Amino acid sequence: EAALDVGFQTLLGWADEFRDIGVRANADTPADARSARTFAAEGIGLCRTEHMFFEGDRIGLMREMIFADSAKERRTVLDRLMPMQRGDFTALFEIMAGKPVCIRLFDPPLHEFLPHDKAGMRDLAEGLALPLSDVTARVEALAEYNPMLGLRGVRLGITVPEIYEMQARAIFQAAVAVSRRGDPVVPEIMIPLVSAMREVELVKVRVDAVAAAVRGETGVDFEYRLGVMVETPRAALRAEDIAQHASFLSFGTNDLTQMTYGLSRDDAGRFMSAYVQQGVYPEDPFHTLDVEGVGELLKMGAQRGRAGRPDVTLSICGEHGGSRAAIEFCREQGFDYVSCSPFRVPAARLSAAQLAIGDASKA
Ligand code: PEP
Ligand code: MG
């Protein structure tokens, strides 16, 4: 369990008096959330939900869902996953005790939940009581040449809407349950991999409908915020109209860097050192925010987002979020907060304060 020295805590407390940009943590599990609290993160800026579908027998349910033949059947299977998700979100809301929690809806491609070897497929066929040929056919049908550029994120949210509906229901029920015991929880729901306004509109209609249903069922009139993860160049370019339907925009600089460079984040390691050594890239852009290129998209996205909605909340939640360079950049652009791994939160708080003090002494 994370802990902070008392002297260091005092220093961080002083730093917070000067700091003029928020610092949240990326946290997916109760342990992450407790670390976020220990390091005094102001909330969770990114809760990735996909790992929750691999745990225990949940992957079995995901597989059943993938092999279901109709939306109705998918819903029946997802109804069994919903209470588990509700438990996941209840724990996070409780630990964060009224601080904002931003939950990103399901992001990975579905084939990640399927076996790709013969033995695994045979086991699955047996488990689902299906002919092996049905299983291999479905695995082949879901295979993609470029899965990271394929049917994932909001594209899946729109083509298999039952998944997002289940998650929204779990989030709202958890928020109601925790609100009943204490301060009202206002959940933040974030849509991944958006590239067009219409995607947001379509998801919003469905999530609003789930919210209305849960309000009706519980008699509790809760609020929630819907936002967009800006991680494709097109989302940055179209931020003005996207912001019409999004109360916050959070820049996912991992995917945004990948897509801006046209460079796979999983394969870049093969030649990165040669590129950095020969000065093609000043630094590894996946580690150090590429202010010249990706930064231009952040700037443009922020400006356009504000044009669409003057009070849109702006943040960054990629791995860069905790670095001093990214904090400096985000402060200059008037971002509301950065979100980084819990263990980087103390350093981020200090960097943010240092930058603010530096500015004040220049003025
Ligand atoms: C991102 O793309 O920057 C991001 C935060 O999401 P993930 O790393 O989960 O793709
Ligand atoms: Mg991403």
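Q: Which helix gives the most to the shell around ligand 1?
A: That is H12, with 3 residues, where helices (H or I, at least four residues) and strands (E, at least two) are DSSP runs numbered from the N terminus. This is a predicted model, in which local features need pLDDT of at least 70 and side-chain atom pairs count only at pLDDT 80 or more, while totals for chains, interfaces and linings use all residues. Residues are numbered from 1 along each chain as its sequence is written, chains are lettered from A and ligands numbered from 1 in the order in which they are written, and side-chain values use heavy atoms, with hydrogens and water left out.

Q: Which elements each supply at least two residues of that shell?
A: Strand S2 (44-48) and helix H12 (253-261) do. The residues around ligand 1 include Leu 46, Arg 48, Arg 104, Thr 253, Asn 254 and Asp 255, a residue being near if one of its heavy atoms lies within 4 Å.

Q: What lies 2.6 Å from an oxygen atom of ligand 1?
A: An N or O atom in the side chain of Arg 48 does, and a polar contact here is a pair of N or O atoms within 3.5 Å. A polar side-chain atom of Arg 104 is 2.9 Å from a ligand oxygen, and a polar backbone atom of Asn 254 is 2.7 Å from one.

Q: How much of ligand 1 does the protein bury?
A: The protein buries 95% of the 280 Å² that ligand 1 exposes when taken alone, by the Shrake-Rupley method with a 1.4 Å probe.

Q: And by class, how does the shell divide?
A: The shell has 3 nonpolar, 4 polar and 5 charged residues, with Asp, Glu, Lys and Arg counted as charged and Gly among the polar ones.

Q: What about the phi of Leu 193?
A: Leu 193 also has a positive phi, near 60°, and its place is in the loop between strand S4 (188-191) and helix H9 (197-218).

Note on methods. A polar contact is a pair of N or O atoms within 3.5 Å; within protein, one must be able to donate a hydrogen and the other to accept it, and residues adjacent in sequence count only if both atoms are side-chain atoms.
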